[in-house]
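Work through the exercises below with the sequence and the model open beside you. Try each task before reading its solution.

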Amino acid sequence: MPARNPSAARVLVLSLLASGSPVLAAATAPAVVTGSVPGAAAAPTASGLRAPGAPTPGAVLQGELAPLKVAPVDGPRLSLQPANPKPGDPVLVTVSGASSLPTGTLAGRPLRFFAWNNGYAALSSLPVEQVEGSVPVDVTAPGRGLPVLLSGVLNVGAPGFRERELRVANKYVKPPKAVKARMEADRKAFAAAFAQPFQKPLFGRNFAWPREATVTAPFGDRRSFNGKLQTQHFGVDLDGATGSPVVAANDGTVVMTRDNYASGNTVLVHHGAGLYTAYFHLSRIDVKDGAQVKQGDPLGLVGSTGRVTGPHLHWGVKADDRWVDGQTLLKLDFTGAPEAPGVATNAPGLGNP
């Protein structure tokens, strides 16, 4: 066999380029993808179709530059929980298939991702003031090559918050000057407790009720105290007689044990990932600041301390610096939820390199 002439090969390649040969185009073109790369302006390709001259996935091309094997692409994916939230709900954003930590926003609010279940997740929230309609979720996820842009939409429904009027001791409606300093100290104590550095979750399972009991007041109630003081209920009230046990909803660290003016005997637990649970109006506190607790560990006993109309447990949840509905937190699957079809999908033309 005669030796190959490199000069002649180069002339052949240049001739093929000049003539627009489909053989060379197929051998040199990159694989078609179904997502977008930041900074690229490639037109989307319809699902199941190939551009003229594009290689068939899995085919081996023969020619001057053969062999080149084109493999099907499987890149990052996005899932959102809950699929149809309401104002005041926590939102779990999960990314699978990313090669490193993603970045993104929910309604323009930055998401703080952490490694989770062989992927990445971020826990965010919707404000109680959120209006009905579509809320965008945009995530940039590193793939095997360039970053991938993933887009999802939350379809937010009506809040359905109730209007209620309650009667309490007048000192809780118009606090006397003598307690204003105490109330300010309470505010600073809460702020310090909620200022824990962001860290990965301290739990490895889904959340559970802090006690099995009837819900007497759901999250979001708009309340009027003694016909004057207007406020909103940022927790779930659970019925219970004084002395009934209260347990931790999940693993975490106790960051506050304090007798507060309005919330009474209070325990706050930090669960990592910007998530906290609160236990108000206890008759007795059974843990100390800094204690490491597991799901189901005793925290204290139901009581009627602080601003209350009777004994009960006020259970609060704070996610991403907002009070959110604890009943929705209980529905979130932290153990590996599948992608939610039609809720979080790749935008048309977006690809996974």
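**Exercise 1.** Is His-281 buried or exposed?

*Solution.* The model is a predicted one. Start with the location: His-281 belongs to strand E17, which covers residues 275-282. Next, take the relative accessibility of His-281, which is 5%. The cut-off for buried is under 20%. His-281 therefore counts as buried. Finally, look at where the side chain goes: it comes to 2.7 Å from the backbone oxygen of Thr-305.

**Exercise 2.** Find out which residues of helix H3 are buried and which are exposed, and where they sit around the helix.

*Solution.* Step 1 checks the length of the helix. H3 comprises residues 177-193, 17 residues in total.

Step 2 sorts the residues. The buried ones in H3 are Val-179, Asp-186, Phe-190 and Ala-193. They lie within an arc of only 60° around the axis, so they are on the same side of H3. Lys-177, Ala-181, Lys-188 and Ala-192 are exposed and lie on the other side of H3.

Step 3 recalls a rule. An α-helix has 3.6 residues a turn, so residues three or four places apart point the same way.

Step 4 asks what covers the buried residues of H3. The cover includes strand E15 (252-260), strand E16 (264-270) and E17.

**Exercise 3.** Describe the surroundings of Asn-260: which residues is Asn-260 in contact with, leaving aside its neighbours within four places in sequence?

*Solution.* Asn-260 is part of strand E15. Its relative accessible area is 2%, so Asn-260 is buried. With neighbours within four places in sequence set aside, Asn-260 is in contact with Arg-182, Asp-186, Phe-190 and Thr-266. With Thr-266, the contact involves a polar pair: the two side chains are joined at 3.2 Å. A further check uses Ala-185, which is 75 residues away from Asn-260 along the chain, while the C-alpha atoms of the two are separated by 8.9 Å.

**Exercise 4.** In what order do the strands of the sheet containing E1 stand, and which strands are at the edges?

*Solution.* The order is E1-E2-E6-E5, an open sheet of 4 strands with antiparallel pairing. Strand E1 (77-81) and strand E5 (113-116) each have a single partner strand, so they stand at the edges and one side of each has no neighbour in the sheet. On average, neighbouring strands in this sheet are turned by 25° against each other, direction ignored. Now take one pair in detail. E5 and strand E6 (residues 119-125) run antiparallel and are joined by 4 bridges. In one of these, Ala-115 has Tyr-120 of E6 as its bridge partner.

**Exercise 5.** Work out the sheet that contains E3, strand by strand.

*Solution.* Begin with the order, which is E4-E3-E7-E8; this is an open sheet of 4 strands, paired antiparallel. Strand E4 (109-110) and E8 are the edge strands, because each has a single partner strand.

Then follow the pairs.

- E4 with E3: the two pair in the antiparallel sense over 2 bridges. Leu-106 has Arg-109 in E4 as its bridge partner. The hairpin of E3 and E4 has 2 residues between the strands, and Ala-107 takes a positive phi near 55° there.
- E3 with E7: strand E3 (residues 103-106) and strand E7 (residues 133-141) run antiparallel, joined by 4 bridges. Thr-105 is the bridge partner of Asp-138 in E7, and Gly-104 stands opposite Val-139.
- E7 with E8: strand E8 (residues 148-156) pairs with E7 in the antiparallel sense over 9 bridges. Gly-133 has Val-156 in E8 as its bridge partner. A hairpin of 6 residues joins E7 to E8.

Next, separate the faces of E3. Gly-104 and Leu-106 make up its covered face, whereas Thr-103 and Thr-105 make up the uncovered one.

Last, consider the loop between E7 and E8, where Pro-147 is found. Its relative accessible area is 31%, so Pro-147 is partly exposed. Pro-102 is 45 residues away from Pro-147 along the chain, and their C-alpha atoms are separated by 9.1 Å.

Definitions and conventions:
Residues numbered from 1 in each chain as written. Predicted model: local features only at pLDDT ≥ 70, side-chain atom pairs only at ≥ 80, totals over all residues. Heavy atoms only, no water. Pairing = 2+ DSSP bridges. Axes fitted to C-alpha atoms, helices over the stretch in contact; angles between N-to-C directions. Buried < 20%, exposed > 50% of the residue type's maximum accessible area, 1.4 Å probe, protein only. Polar contact = N/O pair within 3.5 Å; in protein donor to acceptor, adjacent residues only side chain to side chain. Expected span 1.5 Å × (residues − 1). Arc of directions from axis to C-beta. Contact = heavy atoms within 4.5 Å.
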